[in-house]
Amino acid sequence: MAGVLSKGTLFDPQLVTDVINKVKGKSSLAVLSRQEPIPFNGSKEFVFSLDSEIDIVAENGKYSHGGATFEPITIIPIKVEYGARVSEEFLTATEEEQIEVLKNFNEGFAKKMASGMDLAAFHGVNPRTGQPSTVVGDNHFDAKVTQTVTYDADAPDKNLEAAIALVEGSDGEVTGMVIAPAVRTDLASMTKSNSEKLYPEFAFGGKPSNLGSNALEVNKTVAVGDVDKAIVGDFANRVKWGYAKEIKMEVIPYGDPDNTGVDLKGSGQVYIRCQTYIGWGIFDGDSFARVITA
């Protein structure tokens with residue numbers, strides 16, 4: 001076991017499935033939107049929309065031009081990785097002990113992938129640094145979604161309704177929304193004239209899966225920098241995410257793979273690194289609206 005791991009290997013298919021299932025359960029983007037595997041060289045999606053309404057044609061009447069917009073969008077996978085140092089005793093542990101360590105690492109890696117994909121897709125940042133990523137570029141909601149509503153903590157429900165109206169006013173539809181925990185708190189604080197809670201399902205940290213007829217996610221990843229409070233829109237049809245089917249895992253016993261200036265062998269450590277490729281595409285910015293602070 002130790003000899004194989006030290007050379008680098010691929011996650012067992014069962015572990016890959018486990019990681020992705022955890023990502024689907026913890027990433028708001030993954031929960032609300034469609035997913036499919038993507039090849040390493042990317043996949044091309046075609047956004048096809050008809051520009052006019054149907055035309056009624058009289059018998060022997062002339063046909064008129066309807067028009068269509070045909071736009072290709074390429075989903076390019078980007079490499080993501082996570083690594084950590086552990087004691088070199090890992091290499092001499094029993095197979096059962098090694099598997100237990102890797103299962104815990106697998107759990108943590110899935111959580112980091114889930115939150116990291118949200119941070120990159122929502123805000124275009126490198127999750128580790130919090131700074132804009134040149135690799136992501138403008139392939140994120142903050143750049144592509146220009147329809148905005150200014151947040152009012154005393155009327156969060158009206159803000160969400162206004163965001164929905166913006167999307168529908170652009171001939172889009174809303175299938176889901178992601179709100180920040182602060183919005184959930186403000187909704188929970190709203191009361192009726194008799195002091196009963198207007199939205200009791202949000203009280204005491206409640207996280208309902210629906211609000212009205214729309215799928216709902218409460219996630220702090222939407223509120224980086226305290227700018228975005230919510231994103232609403234057609235997550236079901238106008239955004240797609242995917243991952244490459246292979247997740248590489250390495251156990252590195254020598255050198256300084258994380259560039260900390262500390263040699264592994266000299267410190268009695270080994271380095272576990274996992275990496276894979278994920279990608280997403282936002283097909284139509286006007287099918288979404290953001291609720292933001294002023």
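Reader: Which residue with a positive phi follows H7?

Author: In this predicted model, H7 is followed by Asp 171. The phi of Asp 171 is near 65 degrees.

Reader: How do you know that the end-to-end span of helix H7 agrees with its 14 residues?

Author: Helix H7 covers residues 156–169, and at 1.5 Å a residue it should span 20 Å. The expected span is 1.5 Å times one less than the number of residues. The end C-alpha atoms of H7 are 20 Å apart, so the two values agree.

Reader: Which residues of H7 are buried?

Author: Pro 156, Asp 157, Asn 159, Leu 160, Ala 163, Ile 164 and Val 167 are the buried residues of H7.

Reader: What puts them on the same side of H7?

Author: Around the axis, these residues cover an arc of only 160 degrees, and therefore they lie on the same side of H7. In an α-helix there are 3.6 residues a turn, so residues three or four places apart point the same way. The face of H7 turned away from the buried side carries Lys 158, Glu 161 and Gly 169, which are exposed.

Reader: What makes Glu 81 and Arg 128 a salt bridge?

Author: A side-chain nitrogen of Lys or Arg has to lie within 4 Å of a carboxyl oxygen of Asp or Glu. For Glu 81 and Arg 128 the N to O distance is 3.3 Å, so the pair qualifies.

Reader: Why does Glu 81 count as partly exposed?

Author: Its relative accessibility is 32%. Partly exposed runs between the 20% limit for buried and the 50% limit for exposed, so Glu 81 falls in that class.

Reader: Why is Arg 128 called exposed?

Author: Exposed means over 50% relative accessible area. Arg 128 has 55%, so Arg 128 is exposed.

Reader: What is the N to O distance between Glu 81 and Arg 273?

Author: It is 3.9 Å, and these side chains meet in a salt bridge. The pair links distant parts of the chain, Glu 81 in strand S5 and Arg 273 in strand S13 (residues 269–282), 192 residues apart.

Reader: Why does Arg 273 count as buried?

Author: The relative accessibility of Arg 273 is 17%. Buried means under 20%, so Arg 273 counts as buried.

Reader: What ties Asp 228 in strand S10 to Arg 290 in strand S14?

Author: Their side chains meet in a salt bridge at 2.9 Å, N to O. S10 covers residues 228–233 and S14 covers residues 288–292, so the pair ties together parts that are 62 residues apart in sequence. Both Asp 228 and Arg 290 are buried.

Reader: Which residues do salt bridges that share partners join into one network?

Author: Glu 81, Arg 128 and Arg 273 are joined in this way. The whole structure has seven salt bridges.

Reader: Which members of the largest nonpolar core touch the most other members?

Author: Leu 29, Phe 141, Ile 179, Phe 235, Trp 241 and Trp 280 do, out of 61 residues. Helix H5 (residues 95–123) gives the largest share of this core, 10 residues. In soluble globular proteins, nonpolar side chains tend to be buried together.

Reader: What does Phe 141 touch, not counting residues up to four places away in sequence?

Author: Its contacts are Leu 29, Ala 121, Phe 122, Ile 231, Phe 235, Val 239, Ile 282, Phe 288 and Arg 290.

Methods: Residues numbered from 1 in each chain as written. Predicted model: local features only at pLDDT ≥ 70, side-chain atom pairs only at ≥ 80, totals over all residues. Heavy atoms only, no water. Helix = DSSP H or I, 4+ residues; strand = E, 2+ residues; numbered from the N terminus. Buried < 20%, exposed > 50% of the residue type's maximum accessible area, 1.4 Å probe, protein only. Arc of directions from axis to C-beta. Core = buried A, V, L, I, M, F, W, Y, C linked by side-chain atoms within 4.5 Å. Contact = heavy atoms within 4.5 Å.
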